[in-house]
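Here is a walk through one protein structure. Keep the model open and follow the side chains along.

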Amino acid sequence: MRWMMVLLSFVGVATLGAQEGEADRLLREMERAIAPPEYHAVFSLETDYPDRRDPAPMVFEAWYKEGVGTLMEIMEPARSKGLRFLQKEGALWMFNPHAGSRRAVRLSATASFQGSLFSNHDVSDPQYSDDYTAVLAGTERVEHPELGIVEAYVVDAKAAHRAAPYGRLRVWIVKEGAIPWKMEFYSKSGFLLKVLWFSGLKDVAGRVRPTRWRVESLEQEGAYSVVEVRTMEAVEGLPDERFSLGGLTR
């Protein structure tokens with residue numbers, strides 16, 4: 001009897017390990033559906049709070065190289081033009097060329113990105129698989145705004161280390177094409193903070209991708225932010241030196 005209990009325990013651990021491996025793979029495939037591993041893109045960002053609305057969307061340019069970093073520069077509006085951001089090795093830096101200093105300022109990953117509902121981490125580091133360990137929670141039939149009723153994997157991802165910006169993520173990934181449909185962000189104490197919806201499917205940078213990312217607050221009723229992909233191209237050979245503090249403050 002004892003050997004049977006040991007065997008069942010071993011099978012349970014092996015099954016859980018297989019589920020974790022499959023879920024981690026799905027999370028990485030979803031990230032590939034959002035953006036290529038190396039790209040240059042232009043995004044717009046619009047935020048609407050119940051008591052105010054930004055007069056015009058922000059437009060920013062971004063260069064990304066998986067495993068190296070993200071470099072972003074604001075193009076519009078005029079009051080923020082030229083602000084640069086660098087995400088590298090888990091840290092996010094901002095440089096204001098108009099501030100009269102050649103030093104970059106380190107920012108919190110969990111702080112709001114330029115007053116939006118997206119955090120600095122959400123915008124600068126698209127690799128959630130680096131910070132979370134995922135398990136497959138099952139499948140659901142969901143109603144996608146463009147694909148109709150589709151089957152989706154449900155993946156739960158828990159923070160893998162203390163520096164992860166959220167305690168837990170819950171992600172719905174359409175089986176066909178590993179396209180993300182919905183993502184929930186939970187605090188480290190377990191509260192649901194916000195929900196991110198993916199839509200605007202277009203053929204961009206070599207495959208069909210969601211080009212509209214709308215995040216809605218669960219803390220401020222009616223508040224939302226929307227990022228839209230204006231242009232995106234897969235590139236190769238971006239020099240690592242581009243993603244350096246020296247390059248940020250050039």
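Start with E216, which is partly exposed at a relative accessible area of 28%. This is a predicted model. The side chain of E216 meets that of R214 in a salt bridge, 3.0 Å from N to O. R214 is partly exposed as well, with 26% relative accessibility. Both values sit in the class between buried, under 20%, and exposed, over 50%.

Other salt bridges share partners. Such bridges join E22, R25 and E29 into one network. Take R25 and E22 within it. Their closest N and O atoms are 2.5 Å apart. Why can R25 and E22 be separated by about one helical turn? Because they are 3 residues apart in helix α1, which covers residues 2-34. R25 has 31% relative accessibility and counts as partly exposed. E22, at 26%, is also partly exposed.

Stay with helix α1 and go to R32. R32 forms a salt bridge with E66, at 2.5 Å from N to O. This pair links distant parts of the chain, since R32 is in helix α1 while E66 is in the loop between β3 (58-65) and β4 (69-76). The two residues are 34 residues apart. E66 is partly exposed, with a relative accessible area of 32%. R32 is partly exposed too, again at 32%. In total, the model has 12 salt bridges.

Now turn to the aromatic side chains. The structure holds 10 aromatic pairs. One of them joins W181 and W197 edge-to-face, with 5.3 Å between centres and 80° between the planes. W181 lies in strand β11 (residues 179-186) and W197 in strand β12 (residues 192-204), so the pair ties together parts 16 residues apart in sequence. W197 counts as partly exposed, at 29%.

Ring pairs also build a cluster. Its members are F43, F60, F85, F113 and W213.

Two lysines sit over aromatic rings. K182 places its charged end over the ring of W172, 4.7 Å from the ring centre. K175 lies over the face of Y153, and here the distance to the ring centre is 5.3 Å.

The largest pocket has a volume of about 430 Å³. It is lined by 27 residues, and Q87, E89, G90, A91 and D125 are the closest to its centre. Which elements give two or more residues to this lining? They are β3, β5 (84-88), β6 (91-95), β7 (105-107) and α2 (120-124). The largest share, 3 residues, comes from α2. By class, the lining of this pocket has 11 polar, 8 nonpolar and 8 charged residues.

The second largest pocket holds about 230 Å³ of space. Its lining has 15 residues. Nearest its centre lie T110, L117, L193, K194 and E219. By class, this lining has 7 nonpolar, 6 polar and 2 charged residues.

Then look at β11 and β12, where W181 and W197 pair. Finish at the largest pocket, with Q87 and D125 among the residues closest to its centre.

How values were computed: Residues numbered from 1 in each chain as written. Predicted model: local features only at pLDDT ≥ 70, side-chain atom pairs only at ≥ 80, totals over all residues. Heavy atoms only, no water. Salt bridge = Lys/Arg side-chain N within 4 Å of Asp/Glu carboxyl O. Helix = DSSP H or I, 4+ residues; strand = E, 2+ residues; numbered from the N terminus. Buried < 20%, exposed > 50% of the residue type's maximum accessible area, 1.4 Å probe, protein only. 1 Å grid on protein atoms, 1.4 Å probe; cavity = no way out; pocket = protein on both sides within 12 Å on 5 of 7 lines; lining within 4 Å. Points joined across faces, edges and corners; volume = space filled by probe spheres on them. Nonpolar A, V, L, I, M, F, W, Y, C, P; charged D, E, K, R; others polar. Phe/Tyr/Trp six-rings, centres within 6.5 Å; stacked < 30°, edge-to-face > 60°. Lys NZ or Arg CZ within 6 Å of the ring centre and 35° of its normal.
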